[in-house]
Amino acid sequence: SMSRLLDRIGVEPPALVVFNSLGHARDALVEVDLDSGMELLEAAGKPVAAEPVHMGEDYRRVRFLAEHVPALGYRVYRLKSSTAGAPAAEQGRDLKTANTVENDFYRVTVDPGRGGVTSIFDKQMHREIVDAKSPYLLNQYLYVSGGDGTRLVYMRDHLPNAELRITPAGGGAVATVHATPWGQTIGYTLAGLNAREISTEIRLYNAEKKIEFVNRVQKEPVNQKEAVYFAFPFAAPDPQFEYEGQAGTVNPAHDALAGANREWFTVGHWARVSGGGLSAAIIPVDGPLATFGDINRGRWPEKFEPLSAAIFAYALNNYWHTNFPRVQSGEFTFRYVLTSGADLSPAALSRLGREVLTPLETGQLIATDKVGARGSLPASEAAFLSVGGDGFEIETLKPAEDGRGYVLRLLETSGRAHTVQIGSRLFEVERVWETNAVEDDRREIPIGKDGAGIALPASGIVTLRMSLRLRAP
């Protein structure tokens, strides 16, 4: 499908095309392999600032920030042969030893010896967001042992409660700071119980209020019951927790049915804790489970009563006996994105979560990919469809099952009813119908001069059928 798309773009090879499958324009990091001697340029010819990631035989892997990639659309970068070697932006890595890194949004201080963040100062809020009273650092690796023969594993009332032992990582060396074209990183390496090496990279972005944590763990095999967490203790008094479920926001203190599990939760795109004027959220990229206020101890409480304002990312465990391997070992990557503010709305977090969890796609055109006529799509960038407004996400855009047009499915994420406008510069939206989930037409929606106005119910899902026609060039 990417090859067919590239073939229709009116650009001569070689070129790199970055595609955004989300319903809003965005910036995001992209990693690509470039042949040796090739330089990456903007469509207008300006060199792209990239950083080296890996050097291979006759190629190099680089990372760059693709900016303003249109919604449901693409942006084109040119590839140019160069005899001058790698561009200046890719020459080496400017490393320095330091425990603090900062940008316009945050000042982050780490303790590489203990393997975690001791302080995050939110410059916009003028306050510390890490709980200094917590026994754990933020993003610290926690290894939990014990649990055999207890309620934690077997879920039987006659068994004793688990006496778990929490062992934080330690023994780290110095931290190093690296300046990049898109921001800064700080990293360190240490070890933990049954993890011979834990390598952490923390990324700050120049233009976005978010912190990205990349934890690479080399885990040893263990037969006994065990679990691994990464701790995120926040300075939020009287904490209230919420997370994104399948189609809305869930508060475990109020929204769970009687008898529901209240010790660990499956996070959709974000988990948030709020209190004392602070709202902080974690987006788990590689593992959706989380616990709130404490680790999972197998107590099976009837009420949700958190012991702290910490979010614990539940990375690994081998507590259960069905459909899970007893021994969990090897190389793992656990990534998390953090953001904070006075009030983080579900709609904003849903959008950020989708950006984090849905990377930009790339495709390269080489000389043999396109022979003869040029494609009719714009040569620099284009958006196939635009949906104006906020508080929604595009869940589906696909051909209709019966072949009549295209189906668009929208999810309302703000928790309030509102209207959005559908239009396109590439296509003429001829007709729009609201359908049910199996694509049976219910009613036709009128189209005005600004496009079709679609009413979204609070936390609702709307499915549409559209008849589209490519506009004349």
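Residues are numbered from 1 along each chain as its sequence is written. The structure is a predicted model, in which local features need pLDDT of at least 70 and side-chain atom pairs count only at pLDDT 80 or more, whereas totals for chains, interfaces and linings use all residues; side-chain values use heavy atoms, without hydrogens or water.

The largest cavity has a volume of about 40 Å³, where volume denotes the space filled by probe spheres set on grid points that are joined across faces, edges and corners. Its lining (residues with an atom within 4 Å of a point) is formed by Val267, Ala271, Ile282, Pro284, Leu289, Ala290, Ile311 and Ala313. At least two lining residues each come from β23 (278-284), β24 (289-292) and β25 (310-317); strands (E, at least two residues) and helices (H or I, at least four) are DSSP runs numbered from the N terminus. The lining of this cavity comprises eight nonpolar, no polar and no charged residues. In this classification, Ala, Val, Leu, Ile, Met, Phe, Trp, Tyr, Cys and Pro are nonpolar, Asp, Glu, Lys and Arg are charged, and the others, Gly among them, are polar.

The largest pocket (an open set with protein on both sides within 12 Å along at least five of seven lines) has a volume of about 820 Å³. It is lined by 21 residues, with Leu5, Phe19, Phe384, Tyr406 and Phe427 nearest its centre. The elements α1 (2-7), β30 (392-399) and β37 (461-470) each supply at least two residues of this lining, which divides into 14 nonpolar, three polar and four charged residues.

The largest nonpolar core contains 52 residues, of which Ile120, Phe232, Phe234, Ile311 and Leu338 touch the most other members. Such a core is a set of buried Ala, Val, Leu, Ile, Met, Phe, Trp, Tyr and Cys residues joined through side-chain atoms within 4.5 Å. A second, separate core of 18 residues includes Val387, Leu408, Leu410 and Ile454. Beyond its neighbours within four places in sequence, Phe232 is in contact (heavy atoms within 4.5 Å) with residues including Phe213, Ile282, Ile311, Ala313 and Leu338.

Arg354 belongs to helix α3 (residues 346-357) and is buried at 5% relative accessible area. A polar contact of 3.3 Å links the side chains of Arg354 and Glu395.

Pro457 is placed in the loop between β36 (451-456) and β37 and is partly exposed at 41% relative accessibility. Excluding residues up to four places away in sequence, Pro457 touches Glu412, Ala417 and Val462.

Notes: 1 Å grid on protein atoms, 1.4 Å probe; cavity = no way out; pocket = protein on both sides within 12 Å on 5 of 7 lines; lining within 4 Å. Buried < 20%, exposed > 50% of the residue type's maximum accessible area, 1.4 Å probe, protein only. Polar contact = N/O pair within 3.5 Å; in protein donor to acceptor, adjacent residues only side chain to side chain.
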